[in-house]
Structure formats: structure tokens, C-alpha cells
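Here is a short tour of charged pairs and a surface patch, written to be read with the model open beside you. Please take a look at the sequence and the structure first.

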Amino acid sequence: MPRLKQSQAWLALKQHYDEIKQVHMCDLFEEDKERFAKFSLYFNDIVYDYAKNRITDETVSLLLKLAEQAALPDWIERLFAGDAINHTEHRAVLHTALRDQGDAPIMLDGVDISVEIKAERVRVKCLAEKIRSRVWRGATGQAITDVVNIGIGGSNLGPLMVNEALKPYSLHDLNVHFVSNIDENHINETLEYLDPKTTFFIVASKSFTTQDTMLNAETARQWYLSHIGSDEKIGRHFSAVTSNTKLAKAFGIADENIFKMWDWVGGRYSLWSAIGLSTMIAIGAEQFDELLEGAYELDMHFKTAPLAQNIPVMMALIGVWYNNFFKVQATAVLPYDQYLHRFAAYMQQVDMESNGKYIDRNGEIVNYQTGPVLFGEIGISGQHAFFQLLHQGTKLVPADILAPLFSYRCIARHHRALMSNVFAQTEALMRGKTEQQALEELQKSGMSEAEIEALLPYKVFPGNRPTSTFLFDTLTPRTLGSLIAMYEHKVFVQGVIWNINSFDQWGVELGKQLATTISDELNDDDEVTTHDSSTNGLVNYYKQRRSLKRS
């Protein structure tokens, strides 16, 4: 592929952008009364409306040519075929295999990995159901009342988000907690009100050496032993999800409670695996299977739908349009569903850890923007926090808005108020308010001409702010699985367009390496001189204050 910015498809899009960059969406809607029908797609109970974007038929056509130029259909085929598309780590990318519902073998290096995946899922289900049904007993013969998942990154954010999203399906007398922060307050606050005789821990770490996770795990182990007094039955209270069986056993975890992590699954794509043990304990095997089925159905849509009718593809291309031509720096994910309050945090990792890269697949520095900053919050809360910037700020921030058509309990006046905000915000961001409209409103309020003249500029909204809306019936496990998979594949498509590897994460390594060095330096009170003056100053100030505190 030619250098992206010199390619024919890119240059055509650049020329098109120059032609329509000032066009207002209000005019586009006025010119085309069928715009919603033209720019919306359906998948099961989900409707994806991208009509409120600064696009035309020509925009879409040119973006699709960009995808074809990048050989996107071939890349999709390679993804599902198990090719080593994670080229820097020489690995396949097969998180889709974890939720595969088909009967065909999934071959990797001559081995049908679907057999091992299904066998491992049976093992996870067995433990989860024993804990849920109170068959599993702790060291003193008591049933488990609390489960603590100890992990970081994908071993925390994914299952945490899903557990919160699917709380209506959870056992309400069995509590699931998540500990990720190395700050002792997180583990201590979690353990303070728990009973070690009825607490079960899941230590989730691929290497079983991750500093944050293992320090918390050791603290949990010491807490357990300090109350129980013996490690003879520690296996009744600890399990592990790891590829390092040897270290998990040394920790005291029994073979039957050690579950696999495969190197062809990145952490941020692992919630479908044994990393989902906490989720399966919370919602049950049947609901977990529905989560997998929803993701699998979306996988099949992504794999087979024509590009123009392919939801993740269109999500990705619209993101590229803003990121690379409008020079947008950020995008917002705004769920209008309280149960999705951790969705944006999880998508931050999926997107920013995947596509926050400046080196392309050829080992060269890119000369265009790659992944945007992604942020978000529950929509209603966001309206009273950062929507001011979305409406009247100097930065263009495209937003995804997600909302359920029905709530679990569906108290009519609550849900109608919620949905009125969904529809109103997308319209307000698109339409804005002209100076003439603002003037007429102020005149009707009875203000004097002087007061109106002073206030008028502040009451004008430029509009033309893009949103994409996802509506779904109710947030079921199946629907949630599909939504997560949509975003996963969107990120992959954008990585293909930008010619970067979305599945490594070398950027997290440097800080870890330096932290290991500095950790050793913090073990004594000697002055540190091995870093830059700022780092030396901060470390030495910490040591001085620590010394004074001890004395």
C-alpha cells in the first residue's frame, strides 16, 4: 500500500473534505428527507444511526474506497483465520474463537483450539456454579458470600464493566468485588468488611508476575492466613487465571483452580475467557453463554456483511473521517444507561491501548493521526459536566450515544425523561441555535434591548456537532456482547486503515521497567542520583519525608 497520505483514496477524501468542511448538517437534513433511512443500520435489536454526522453519499463512497485500498476484506479474513497479524509478537489474534458458537474446527498451528477452549469453559462453569449454588465450601465448611477479583488492565476493566452492566442478572446475596490499584487503600478497603472464611479470590495475571496484581494477591493471602492460621486449605479460597501454572501452584493454588490464558488473546480482549470467571459466578453460566452468543452473532455480521452495511466498518470509517480530516483529537462515548457506567472506561482501554501507536507495520513513523483520546461518562451526568464544551466549545468532539428503549423495571416517567434527553441532545448538538432564534427568544422574555444585546452572543449555539446513536431494546447479556464486539472490531478496522498493529502494547512496558528499578532504590535511605534532576528530586524528597515520618 502506498504511504497513506499520498494514496489515491486519501487524496480524494482530502479534496472532498475541502469542499464540504463548512457544510452544516441542518442543510443536509433539509435537502434529503430520507437521510435517517439512508444512514442507519440494524442488527438484531440494535439500531445504529449515523445520520447526524458531517457526511454525504460521496463521503461514504470515498471512505469505503479507503477501506478497499487498505485491503480490509482480506484483513478481516486473516483475523478470523488465525494469521499472526500481531506481527511484533508473532501471534494470532483469536479472541473471536473464545465466543465461537459454530461446529467447524478453529485451526492454529495445526491444532483445533476450539476443543481446548470448550474444555476450559466447562471447567470454569463447574467452579462458578459450585460457588453460586453454595456447594463450594471454604476451609471451615462455610459457603462463599464474597468473591474478589484481583487483576489489572484487561483482567480488571473487562469483567468489572460486564458485571456492572449485568447486575440485574446477578445473585444479590453473593457479592463480587474488584481490586486493581496497587495503592493499599483499594485492597484494604475491600477486605475490611469481608470474612476470610467466606471469601474467594481470583488472581488474574497472565505471567503471574505483574507487580500490581501480585502485591495485592500477596496482601490478600496474608490477610487470609492471619485469620485462618493455616495454608493447608488455601486452595479452597484462591483460584488463578494465568499461563504460568508453576508460579500459581507455588502460591498455593490447586491445579483444579488454575485456568488458562492463551498468548493469542490480549488482556483487553480476554473477558470472554476464564478472565470472565467472576462474571460467570455473578450472572451464571447460562447468561454468560448469552453474552458469548451476542458477540459471536456480531462477529458473523462483521465477517460477512458488505462493507457499506457493516456496522463496525462504518463506525470505524466515520472515526477516521473526523480524526484524519477534521483533525479531531477526542471522541466521547456516552451511555444513557446507568448499568453501563463503566462502559466508557473499558472502551478507553480497548481503543487507546490498541491504536495509540506512532509506528506503522513497516516500522516507520506515521505522518498522520492514529487513535484519538476517548473519554466518556453516563450521558445524564455528562450533560451537567462537560456537555458545555460539546455544545459551545472550540473543539469538535464527535460522540457515540447509547440508550435502551426499555429499562428492566421501566418506570414510565423516569424512562421517558431519560429518552427525551437522548433525543434532545443529539438534535441540539446537530441543529444548534441561530442568532435569530436566540434573539426572538430573548425578545419574548421581556428583556430590554440593551440587556438583549449584551446577552445575545452567549445564547447562540453553532450546532453541526456530530453524534452517532445506538438504540437497543434492553441491556441483556446478548445485546451487551454485541455492543462490545462492535467496538472491538471498529478499533481493528481503524488499525487496518492506519496500517498499525492494534494488538500489541509496548507502550506500557517502559513505565513498568523504570518502576522496578526505582522500587529497589526506595528500599534504603540513600540519596538517588541516577535519574534526571526532577525524578531525583522527587524520589529524594519522598525518602526524606518518609525518614522524618519514621522518626
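Let's start with Lys357: setting aside neighbours within four places in sequence, its contacts are Thr370, Ile500, Asn501, Ser502, Phe503 and Asp504. Keep in mind that this is a predicted model. Across the whole structure, a search turns up 28 salt bridges, and a few of them are picked out below.

**The loop between helix 14 and strand 11**

- Lys357 sits in the loop between helix 14 and strand 11, and it counts as buried because its relative accessible area is 15%, under the 20% cut-off.
- Ile365 belongs to the loop between helix 14 (343-355) and strand 11 (373-376).
- With 55% relative accessibility, Ile365 is classed as exposed.
- A network of salt bridges links Arg3, Asp360 and Glu364.

- Side chains of opposite charge can pair when their charged atoms come close.
- Lys14 and Asp18 form a salt bridge, with 3.1 Å between the closest N and O atoms.
- Both residues lie in helix 1 (residues 8-20), and because they are four residues apart, about one helical turn separates them.
- Lys14 is partly exposed at 36% relative accessibility, and Asp18 is partly exposed at 37%.

- Arg99 and Asp299 meet through their side chains in a salt bridge, at 2.8 Å from N to O.
- This pair links distant parts of the chain, 200 residues apart: Arg99 is in the loop between helix 5 (72-81) and strand 3 (107-108), while Asp299 is in helix 12 (residues 285-304).

- The side chains of Lys543 and Asp524 come together in a salt bridge, 3.1 Å from N to O.
- Here too the pair links distant parts of the chain, 19 residues apart: Lys543 is in helix 22 (residues 533-550), and Asp524 is in the loop between helix 21 (509-521) and helix 22.
- Lys543 counts as buried at 4% relative accessibility, whereas Asp524 is partly exposed, with a relative accessible area of 33%.

Technical notes: Residues numbered from 1 in each chain as written. Predicted model: local features only at pLDDT ≥ 70, side-chain atom pairs only at ≥ 80, totals over all residues. Heavy atoms only, no water. Helix = DSSP H or I, 4+ residues; strand = E, 2+ residues; numbered from the N terminus. Buried < 20%, exposed > 50% of the residue type's maximum accessible area, 1.4 Å probe, protein only. Contact = heavy atoms within 4.5 Å. Salt bridge = Lys/Arg side-chain N within 4 Å of Asp/Glu carboxyl O.
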